[in-house]
Amino acid sequence: MQPLLDFLALPVVQSTIWILVVTISVILAVAFSVLFERKIIGWMQLRKGPNRVGSLFGFWPGVFQAFADVLKLLIKEVVIPARANRVLFSAAPIIALVPALATWAVVPLSPELVIADIDAGLLYVLALTSTGIYGVIIAGWATNSKYAMLGAMRCGAQIIAYEIAMGFALVGVVMAAGSLNLGEIVRQQSGGMLTWNIIWLFPLAIVYIISGVAETNRAPFDVAEGESEIVAGFHVEYSGIAFALFFLAEYANMLLISALIAVFFFGGWLSPFDGYLPADNWLAQPSFLWLGIKLSAFMFLYFWLRATFPRYRYDQIMRLGWKVLIPVTLVWIAVEGVMAYCKVGPWRVAG
């Protein structure tokens, strides 16, 4: 028994176990996010969501719809077009999915739990979130379809535009935290809700949230996959489990962006009652519970936007990214420089 315990205590083994736990948790969260999205949009539009596939002790009818969807996609045939590049066609969904899962390695889930606590965690996030576009471009090209290629190009241009805005927004976060470590960024916001970055970096937070919605190709920025325009976009020729991997990557990215918004601007795993209640009160204790609540709130925002806003025209989307969001971030970075010089906001303690 002791050799087994010693083996499980090895850092490599523990990291591997946590990687499996986080990966399986994200996949399950994706499955139920699809169900909750359909339920929430049905509630907003005064109709019922899925309610035919099972219930849990008579409650939550349709709760097993997520598993039925997975089974349906697993047993459907994967059709590869005759003139497609078979290797790249098959690899594209994996290339799109892997960065969405690998980025979770540096996300601090609680004060004690982060798979890879690296000092350059923010650079790691930027590097991996930028590589997801390769799966989209490769899928559009390998299909050998004009419709798929057009959708991939539109998606690529959109992601590049909003990736720049997101990067500039994170420059402001680094200026406020003085660190690239995501755990340190969270700890720098300790002291209650009034010390969170959302107070001093509000314009950057709005830019990051809007850019996050556009990055994931979600409504109202889903023109790259607009069925009425280009026949479902870059994955028009995909079916079965290959299509499911693109679907999984989209929702995994939604979960990731929601978690990053909470980490960068809303205190991550910090309690909103920190500093207002006694330190030994469980409501004031930092934990994964608070990160989960904040993540769920931003996932709800994704669903709310989809149920509320119509799809934008493509020229409107590009104008917003290049002519509005990027200038806003540049102006607020200059404002941050003034605040740092005057020793106000996040720089007060350092002064």
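I take buried to mean under 20% relative accessible area, exposed over 50%, and partly exposed in between, with a 1.4 Å probe and protein chains only. The model is predicted, so I kept local features only at pLDDT of at least 70 and side-chain atom pairs only at pLDDT 80 or more, while totals for chains, interfaces and linings use all residues. Residues are numbered from 1 along each chain as its sequence is written, and side-chain values use heavy atoms, with hydrogens and water left out.

**Salt bridges**

I looked up salt bridges (a side-chain nitrogen of Lys or Arg within 4 Å of a carboxyl oxygen of Asp or Glu) and found 8 in the structure. Glu37 pairs with Arg306, their closest N and O atoms being 2.8 Å apart; this pair links distant parts of the chain, 269 residues apart. I noted that Glu37 is buried at 2% relative accessibility, whereas Arg306 is partly exposed at 43%. Glu37, Arg218, Glu250 and Arg306 are linked in a network of salt bridges.

I then turned to Asp315, which bridges to Arg313 at 2.9 Å between the closest N and O atoms and is also bridged by Arg319, at 3.3 Å. Arg313, with a relative accessible area of 48%, is partly exposed, as is Asp315 at 34%.

Key: Helix = DSSP H or I, 4+ residues; strand = E, 2+ residues; numbered from the N terminus.
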